[in-house]
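Subject: Structure handover

Hello,

I am passing on the structure we talked about. Please have it open while you read the notes below.

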Amino acid sequence: MAQPVIAIDGPAASGKSTVAGLLAARLGVPYINTGNMYRAITRYALDSGTDLDTRCTDKIFTPLLNTLQLEYRKNISGTYKLYVNGVPEDNRLRSPEVAAYSSRVAALPAVRNWLKARQRGFAALGLIVMEGRDIGTVIFPDAAFKFFLTATPEERARRRLVQAGETFDGATLESVARDIADRDRLDSTRAIAPLKPAADAETVDTTKMTIDETVDYLAGRINDGRS
Ligand code: CDP
Ligand code: CDP
């Protein structure tokens, strides 16, 4: 039986979070951003003084994860917000340093296993929109709807460059494109749950699409699938 999940996967700055949030609001269902969970673990490791250039290993992360609690709490507006050891996440998760290290942290089996059980638990909420890299392939292989959002590397770099606080000071289109390409490569070539479209996902190239057009398109496909 299909799992009650709308899976939205894709590479960096393809529009996953924006589109997933708006789609969920339109459908009146919860939205869970799984990239933030990897970013929260990365932030926590950095804040704990871990040198992620030399100590990004399962052995270092296993005890760290034992002291970490990640929880999504529903707020007054009905949206779900990530709490890290009881504190609401903030824009420190979006820093370029966290983004850069997150792909290395996300390649660790200990981290992926720790998150897998937690992420699967969200199916208990009923229909949800869940966004990430491996939702349609690994977390919910039987998701009712699977979309893989893409855009050209140039367009994704342009989108990320104009997002306040998400790039290093003095960043240029070239440097952002390089950072994104590094992350694409790490995410697509890792041994566990690599970034790739599920065989039964619909790939949507958003290069020339606005956010609203993309949300309209996905909502239309979901309505078609339900009727
Ligand atoms: O927003 P952006 O696409 O740049 O990144 P994100 O969704 O916040 O994810 C940050 C990193 O977490 C990615 O580069 C992946 O390495 C990892 N990730 C993952 O491995 N699996 C997921 N389901 C979500 C994120
Ligand atoms: O979650 P992901 O990294 O895939 O992308 P995002 O953070 O949702 O979107 C990256 C940026 O691109 C945001 O500033 C969006 O507003 C923008 N965007 C856009 O300009 N056109 C689209 N079709 C999709 C996103």
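The notes below cover the ligand site, then a helix pair, then a sheet.

Please keep in mind that this is a predicted model.

Ligand site

Ligand 2 has 14 residues around it, and those that come nearest are Ala13, Lys16, Ser17, Thr18 and Arg160. For Lys16, an N or O atom of the side chain is 2.8 Å from an oxygen atom of ligand 2. For Ser17, the corresponding distance from a side-chain N or O atom to a ligand oxygen atom is 2.6 Å. A backbone contact involves a nitrogen atom of ligand 2, which is 2.9 Å from a polar backbone atom of Met209. On its own, ligand 2 has 540 Å² of accessible area, and the protein covers 84% of that.

Which elements give two or more residues to the shell around ligand 2? They are α1, residues 16-27, and α7, residues 153-161. The largest share comes from α1, with three residues. By residue type, the shell around ligand 2 holds five nonpolar, six polar and three charged residues.

Helix pair

Helix α3 spans residues 58-65 and helix α5 spans residues 109-120. The axes of α3 and α5 are 8 Å apart, and the two helices pack at an angle of about 30°. On the α3 side, the residues that meet α5 are Asp58, Phe61, Thr62 and Leu65. Their counterparts in α5 are Pro109, Ala110, Val111 and Trp114. Six of the residues in this contact of α3 with α5 are nonpolar, one is polar and one is charged.

Sheet

An open sheet is made of three strands, ordered β3-β4-β5, with antiparallel pairing. Why do β3 and β5 each have one side without a neighbour in the sheet? Both β3 (70-74) and β5 (87-88) stand at the edges and have a single partner strand each, so one side of each is left without a neighbour there. Strand β4, residues 80-84, pairs with β3 in the antiparallel sense over five bridges. Within that pairing, Tyr72 has Leu82 in β4 as its bridge partner.

A helix also meets this sheet. Helix α2, residues 35-47, lies across β3 and β4 and runs at about 135° to β3.

If you take up the ligand site first, the contacts of ligand 2 with Lys16, Ser17 and Met209 are the ones listed above.

Regards

Technical notes: Residues are numbered from 1 along each chain as its sequence is written. Chains are lettered from A and ligands numbered from 1 in the order in which they are written. This is a predicted model: local features need pLDDT of at least 70, side-chain atom pairs count only at pLDDT 80 or more; totals for chains, interfaces and linings use all residues. Side-chain values use heavy atoms; hydrogens and water are left out. A residue is near a molecule or strand if one of its heavy atoms lies within 4 Å of it. A polar contact is a pair of N or O atoms within 3.5 Å; within protein, one must be able to donate a hydrogen and the other to accept it, and residues adjacent in sequence count only if both atoms are side-chain atoms. Accessible areas come from the Shrake-Rupley method with a 1.4 Å probe; for residues, only the protein chains shown count as cover. Helices (H or I, at least four residues) and strands (E, at least two) are DSSP runs, numbered from the N terminus. Ala, Val, Leu, Ile, Met, Phe, Trp, Tyr, Cys and Pro count as nonpolar, Asp, Glu, Lys and Arg as charged, and the others, Gly among them, as polar. Axes are lines fitted to C-alpha atoms, for helices over the stretch in contact, and angles run from 0 to 180 degrees between N-to-C directions. Contact means heavy atoms within 4.5 Å. Two strands pair if DSSP finds at least two bridges between them.
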